[in-house]
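Hi,

Here is the structure I said I would hand over. Please open it first, then read my notes alongside it.

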Amino acid sequence: MRAVVLEELGGPEVLRLTEVAEPVPAPGEVTLDVAYAGVNFADLKARSVGYRVSGFPFTPGLEASGRIRALGEGVTGLRVGQEVTAFMTAGAYAEVVAVPAETVFPVPDGVSLRTAATLPTVLPTVQALLHEVGRFREGETVFVQGAAGGVGTVAGQMARLAGAGRIYGVVSRQEKAEEALKYGYDEVFIGDGFPEELRAATGGRGVDLALDPVGGETLRCTLDSLAVFGRLVSFGNASGEEPWQAGPGELYSGARTVSGFSIINLAAENPRALRPLAERAFRPVAEGAVELPVTAEFPLAEAAEAHRLIETRTTTGKLLLRVAGD
């Protein structure tokens with residue numbers, strides 16, 4: 001079978017389509033014939049700086065949709081041929097993947113395999129950011145960094161669905177702002193001047209809940225944008241800066257809270273907690289209340305092109321690799 005493999009860290013050119021041995025499901029696993037694989041920023045970090053790469057050869061990819069090929073010993077509740085979507089810590093850029101059954105989910109009725117490939121990382125992440133970790137309450141204001149990306153477009157919709165008072169976002173350029181406004185945002189700011197604009201938009205009050213995947217100095221500015229009793233949830237360090245630390249001096253003022261979430265950590269450390277989270281998160285997609293727009297699709301052999309496109313910082317929504325299609 002074919003898989004995208006890297007033997008060294010580097011630019012997109014290190015991603016190479018290679019013939020590899022087809023996996024066999026271990027006890028507690030299933031194998032999938034992959035239809036589509038999602039492309040995430042974490043894949044780029046794995047390729048370029050070795051984020052969560054334990055050794056070579058390495059195949060990136062956190063999520064895939066497809067049909068169950070085989071069941072490992074002890075697997076129940078799933079069947080061969082069933083359409084599913086799956087979360088994995090690596091390996092989705094391949095024609096066949098082996099995945100722990102605990103992180104394999106039946107595709108909701110009425111949802112295509114193409115759409116299903118967008119679900120495993122973004123939807124549970126947004127559900128956790130808003131509700132489980134962020135403790136969102138109806139009527140509160142929400143602020144999202146990267147409002148036009150995969151998480152951002154879903155966060156705007158889910159915050160609106162949950163009854164947010166006002167929803168603000170920030171993006172890197174004008175065309176991204178126009179895109180984000182289609183997905184639940186009341187106002188979207190452009191560039192690094194967001195703290196002043198956000199304070200002005202809220203009458204100096206600040207926001208109740210802020211979601212930050214950037215880290216570094218941006219996280220500090222986001223923290224300063226919180227209202228009294230505001231909460232900030234960090235879910236990444238896309239800036240690559242040294243982690244910024246908050247202590248009593250930053251938190252006692254305004255009674256602010258900082259917390260964090262990583263779906264990769266949750267799946268690795270407590271996969272059973274991922275299932276109810278995913279089931280809650282998938283429901284609004286199945287009901288047609290939330291969508292994650294797929295804005296670009298590449299064949300498996302062009303995974304490097306997908307990475308190059310994301311690195312231009314012009315992309316919005318979700319990018320997919322087409323492995324076998326529907």
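By class, 22 nonpolar, 19 polar and 7 charged residues line the largest pocket. Keep in mind that this is a predicted model. The volume of the largest pocket is about 1,500 Å³. It has 48 lining residues, and those closest to its centre are Phe 41, Gly 146, Pro 213, Phe 235 and Ala 238.

Now the second largest pocket. It holds about 230 Å³ of space. Its lining has 15 residues, and Met 1, Thr 59, Gly 91, Ala 94 and Val 96 lie nearest the centre. Two or more lining residues come from each of β1 (2-5) and β6 (96-100). The largest share is from β6, with 3 residues. What classes make up this lining? There are 13 nonpolar residues, 2 polar ones and no charged ones.

There is also a cavity. The structure holds 1 of 30 Å³ or more. The volume of the largest cavity is about 70 Å³. Which element gives the most to its lining? That is α1, with 3 residues. The lining includes Ala 42, Asp 43 and Ala 46. Tyr 51, Arg 52, Phe 58, Pro 60, Gly 61 and Leu 62 also line the cavity. So do Thr 89, Ala 90 and Ile 264. By class, that lining has 8 nonpolar, 2 polar and 2 charged residues.

Next, the backbone. Most residues other than glycine have a negative phi, and most peptide bonds are trans. Three places are worth a look against that background.

Start with Arg 52, one of the residues that line the cavity. Arg 52 is not a glycine, yet its phi is positive, near 60°. It sits in the loop between α1 and β4. Is Arg 52 buried, partly exposed or exposed? Its relative accessibility is 42%, so it counts as partly exposed.

A cis peptide bond joins Phe 56 to Pro 57, with omega at about 0°.

At 56% relative accessibility, Arg 135 counts as exposed, because the cut-off for that is over 50%.

Take Gly 150, which lies in helix α4. It has 13% relative accessibility and so counts as buried. Which residues does Gly 150 contact, leaving aside neighbours within four places in sequence? They are Val 122, Leu 292 and Gly 317. Look at Thr 316 too. Gly 150 and Thr 316 are 166 residues apart along the chain, but their C-alpha atoms are separated by 7.0 Å.

The other is Thr 103, in the loop between β6 and β7 (104-106). Its relative accessibility is 5%, so Thr 103 counts as buried. Not counting residues up to four places away in sequence, Thr 103 touches Thr 85, Ala 86 and Phe 87, among others. Pro 271, Leu 274 and Arg 275 are also on that list.

Last, the protein as a whole. It has 11 helices and 15 strands. How compact is it? The radius of gyration is 20 Å, close to the 20 Å that the globule rule gives for 326 residues, so the protein is as compact as a globular protein of that length. Along the principal axes, the C-alpha atoms fill a box of roughly 60 × 40 × 35 Å. Of the 326 residues, 52% are buried. The accessible surface comes to about 13,600 Å², and 49% of that belongs to carbon and sulfur atoms. Now take the contacts with a separation of 6 or more: 69% of them are between residues 24 or more positions apart.

Best wishes

Methods: Residues are numbered from 1 along each chain as its sequence is written. This is a predicted model: local features need pLDDT of at least 70, side-chain atom pairs count only at pLDDT 80 or more; totals for chains, interfaces and linings use all residues. Side-chain values use heavy atoms; hydrogens and water are left out. On a 1 Å grid over the protein atoms alone, a cavity is a set of points where a 1.4 Å probe fits but cannot get out, and a pocket is an open set with protein on both sides within 12 Å along at least five of seven lines; lining residues have an atom within 4 Å of a point. Grid points are joined across faces, edges and corners, and a volume is the space filled by probe spheres set on the points. Ala, Val, Leu, Ile, Met, Phe, Trp, Tyr, Cys and Pro count as nonpolar, Asp, Glu, Lys and Arg as charged, and the others, Gly among them, as polar. Helices (H or I, at least four residues) and strands (E, at least two) are DSSP runs, numbered from the N terminus. The radius of gyration is taken over C-alpha atoms; the globule rule is 2.2 Å times the number of residues to the power 0.38. Buried means under 20% relative accessible area, exposed over 50%, partly exposed in between (1.4 Å probe, protein chains only). Contact means heavy atoms within 4.5 Å. Accessible areas come from the Shrake-Rupley method with a 1.4 Å probe; for residues, only the protein chains shown count as cover.
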